[in-house]
Amino acid sequence: MSSTSQDKPRKQVHLAAHFPGVNNTTVWSDPEAGSHIEFSSFAHFARTAERAKFDFLFLAEGLRLREQGGKVYDLDVVGRPDTFTILTALAAVTEHLGLTGTINSTFNEPYEVARQFASLDHLSDGRAAWNVVTSWDAFTGENFRRGGFLPQEERYSRAKEFLTTANELFDSWHGDEILADRQTGTFLRDAKAGAFVHQGQHFDIQGQFNVPRSPQGRPVIFQAGDSDEGREFAASSADAIFSRYATLKEGQAFYTDVKGRLARYGRERDQLLILPAATFVLGDTDAEAEEISREVRRQQVSGATAIKHLEFVWNRDLSAYDPEGPLPDIDPDLGEHTIARGRAQVRMYRDPLATAREWRELAAANKWSIRDLVIETGNRQAFVGSPATVAETIDSFVQADASDGFILVPHITPGGLDTFADTVVPLLQERGVYRTEYEGTTLRDHLGLAHPDHVRDERAAS
């Protein structure tokens with residue numbers, strides 16, 4: 001090992017937790033699984049994350065029941081109650097844990113979203129974060145008065161202007177406007193506090209924002225896009241970006257690419273955190289964890305799930321095929337309208353014919369059924385092993401600049417984090433790469449991010 005690598009300070013590991021709801025990660029049929037909608041489940045999950053000194057809890061968003069081929073199916077149905085309602089309630093039963101919610105920029109309006117996040121930041125004393133997402137799913141769009149969906153070339157344009165507009169609303173208060181002088185009866189120093197005007201391609205609004213400056217100034221901003229546009233959006237505007245890359249080599253490539261985009265926006269590398277989602281399976285030994293992992297995968301991928309996943313590539317109705325039988329001998333349909341339009345999985349397979357050929361070869365060589373193939377080629381648990389093995393692997397990924405930490409997604413809720421908190425976290429603490437106590441009060445403190453006012457002052461001074 002070179003002296004340079006020896007002298008390099010060890011990075012601190014960031015950890016967060018995702019409450020997944022009912023989907024293909026969750027094994028809802030397990031006897032240890034609880035409700036995915038009762039508040040007691042969210043509270044248990046959040047308290048465990050806080051006990052483990054996690055940075056934040058993360059909630060995804062589901063704006064409509066899942067569908068494929070225009071029909072609803074039961075692989076991802078419930079466990080998506082209103083984000084703000086849940087996060088606000090969790091603010092009352094936690095003290096330090098960050099509260100991150102996914103809110104769609106395609107079907108909402110900047111004023112209402114800014115009010116909700118500013119209010120959450122006040123109620124939680126500075127722990128709010130917003131995962132800014134877009135949608136081009138026409139099926140979901142039918143739930144909203146605008147209907148339809150935005151073409152891909154327009155959705156990031158709207159998202160960028162949405163975030164810009166929301167930031168203008170957050171910044172319309174500077175923080176010193178409330179005087180509340182009982183002697184003179186003067187409440188505001190400036191009657192124009194919160195005044196804003198925004199005129200743009202997507203939004204033309206003006207008025208006065210009615211929520212004073214919150215503890216963080218703005219919520220922490222997360223972004224989840226993996227496209228070139230998504231990466232650029234994160235580099236220009238986000239505080240953290242999710243990543244779907246689970247291997248060291250892929251993680252390092254993504255890390256290098258996204259961090260390398262920051263300089264063109266006048267930002268430093270530590271101003272954007274990269275946090276992949278990570279599933280995990282723990283056992284007393286590595287061998288036991290591997291055995292449990294295989295069992296979990298079979299629980300996650302039922303026959304119906306396997307058929308639905310194969311349809312992502314074949315772009316055909318495959319419901320007549322036996323999931324325990326061979327792969328279809330027909331080729332994928334290359335039509336423009338996919339059977340699961342808008343699903344991220346569809347966009348992952350750029351060349352369906354090549355994927356089908358590869359999968360047929362794998363299935364023939366290994367004597368796999370459709371279900372076997374989906375289990376073996378699908379997303380596997382990122383971390384499988386004893387607590388010592390998992391702690392070492394997480395640390396090695398962070399030190400090798402494949403990530404800045406991980407958002408853990410357990411397959412059992414609400415108790416799926418408990419063992420990790422009790423066994424892996426102490427080992428990371430012993431390594432000196434993970435906090436033993438919270439040192440700040442806001443989510444920005446936990447993530448090592450500067451307050452927006454400080455960044456603005458530094459740029460003004462330079």
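Strand 1 (residues 14-19) lies parallel to strand 16 (residues 405-408), the two pairing over 4 bridges; strands count as paired once DSSP finds at least two bridges between them. Strands here are DSSP runs (E, at least two residues) and helices are H or I runs of at least four, numbered from the N terminus. The model is a predicted one, with local features needing pLDDT of at least 70, side-chain atom pairs counting only at pLDDT 80 or more, and totals for chains, interfaces and linings using all residues. Residue numbers start from 1 along each chain as its sequence is written, and side-chain values use heavy atoms, leaving out hydrogens and water.

Back to strand 16: Phe406 has Leu15 standing opposite. Strand 13 (residues 273-278) also runs parallel to strand 16, joined by 2 bridges, and there Ala277 has Ile407 as its bridge partner. Strand 16 is covered on both faces, with Gly405 and Ile407 buried on one side and Phe406 and Leu408 buried on the other. Buried means under 20% relative accessible area (1.4 Å probe, protein chains only), with exposed over 50% and partly exposed in between.

Strand 5 (residues 98-104) is mostly covered too, with 7 of its 7 residues buried. One side carries Gly98, Thr100, Thr102 and Asn104, the other Leu99, Gly101 and Ile103. Strand 2 (residues 56-59) pairs with strand 5 in the parallel sense over 4 bridges, and Phe56 sits opposite Gly98. Strand 6 (residues 128-133) is parallel to strand 5 as well, joined by 6 bridges, with Val133 partnering Asn104.
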